[in-house]
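Here are my notes for your review. Please read them with the structure open.

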Amino acid sequence: MTIVTLVGCGKMGSAMVRGWVASKVADTIYVIEPSGLPGDLQNMAEVELVEQTLPSDIIVLAVKPQMMDAVCRTLAPGTATILSIAAGQKIANFEKYFGDTHPVIRAMPNTPAAIGEGMTVAVANKNVTPGIRNIADRLLRATGRVEWIDDETLMDAVTALSGSGPAYVFYLIEVLAKAGEASGLAPVFAMSLARQTVIGSAALAGYDAETPAETLRQNVTSPGGTTEAALNVLMDGRMQDLFSEALNAATSRSKELSK
Ligand SMILES: NC(=O)c1ccc[n+]([C@@H]2O[C@H](COP(=O)([O-])OP(=O)(O)OC[C@H]3O[C@@H](n4cnc5c(N)ncnc54)[C@H](OP(=O)(O)O)[C@@H]3O)[C@@H](O)[C@H]2O)c1
């Protein structure tokens, strides 16, 4: 019997509840959300809108980071493990409110979680029992893949890679389309080709998950062909430098925001 409370049923919170309902990982899901439940969750037998915390195994905090202190000040978790998905909110922040013997998990999901294709990285403090960690893992897995780390300081780099990463891929669609336009394709046509190419390549990488990305790339590249001509430009080091610089900038910003 797993009882979960969700605080904040916005974009990320509601995506998680949908995943929990679909995968039946929780028997009861209490939701605290001033705006009420989204329409599709209102008639779910296991989902109940409540005003304050009731005894639960895990309380998932999915409010905006700037709301977190206000939420923590009024929260009475009892023995429930705190699982926060808020960007930049350190485990120590929750220990400050609930005590350093309280079990706390910090997780960083990303937006593809909304369609069950998320990448979440989680870190637990020393008070989280293997049983609760297992429940947390199943809750997070309901929206995609999960990796656990031991070193919380890596969360800034994680945020920079998988947290912000979907935006880089969407930008890749934009630059591919713009480059296609520059080669003479009509804008709508170029965008359609760029978008489906990214969708199809991502699906292929997922389908062929054991094959390294490098091999998938080589499979498209015949010696002396068109792909090789393009890759000779893309792989001259500038793109790697640009991405390294971008991730450094995001990592630094994440560090600043979590001060
Ligand atoms: N979206 C992402 O890509 C992403 C990725 C990784 C992590 N996250 C983290 O996920 C968290 C939620 O992000 P989001 O995009 O889902 O934000 P969101 O859509 O704004 O959802 C937050 C929800 O919390 C509600 N809320 C505000 N105050 C509350 C309170 N005191 N008690 C209960 N609920 C309250 C808000 O209601 P009102 O609208 O009525 O104020 C809103 O429905 C953030 O901390 C963010 O850092 C998001």
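At what angle do the axes of helix α5 and helix α10 cross? Point 1 takes this up. The model is a predicted one.

1. Helix pair. The axes of α5 (residues 155-163) and α10 (residues 238-257) cross at roughly 130 degrees and come within 8 Å. That angle is why α5 counts as oblique to α10. The crossing of the two helices, α5 and α10, is right-handed.

2. Residues at the α5-α10 contact. From α5 come Asp156, Ala157, Thr159, Ala160 and Leu161. They meet Leu247, Ala250, Thr251, Ser254 and Lys255 in α10. By class, the contact of α5 with α10 has five nonpolar, three polar and two charged residues.

3. Sheet. Eight strands form an open sheet with mixed pairing, in the order β3-β2-β1-β4-β5-β6-β7-β8. From one strand to the next, the twist averages 25 degrees.

4. The β2-β3 pairing. Strand β2 (residues 28-32) pairs with β3 in the parallel sense, over three bridges. Ile29 stands opposite Val47 in β3.

5. Helices on the sheet. α5 lies across β6 and β7 (118-124), at about 35 degrees to β6. Helix α3 (residues 91-98) lies across β5 (81-84) and β6 (104-108) and runs at about 145 degrees to β6.

6. Ligand shell. The ligand is surrounded by 25 residues, and the closest are Gly8, Gly10, Met12, Ala86 and Ala87. Helix α1 (residues 11-23) supplies the largest share of the shell, three residues. The shell divides into 15 nonpolar, seven polar and three charged residues.

Technical notes. Residues numbered from 1 in each chain as written. Predicted model: local features only at pLDDT ≥ 70, side-chain atom pairs only at ≥ 80, totals over all residues. Near = placed C-beta within 6 Å. Helix = DSSP H or I, 4+ residues; strand = E, 2+ residues; numbered from the N terminus. Nonpolar A, V, L, I, M, F, W, Y, C, P; charged D, E, K, R; others polar. Axes fitted to C-alpha atoms, helices over the stretch in contact; angles between N-to-C directions. Parallel < 35°, antiparallel > 145°, perpendicular 65-115°, else oblique. Left-handed = near helix turned anticlockwise from the far one by under 90°. Contact = placed C-beta atoms within 7 Å. Pairing = 2+ DSSP bridges.
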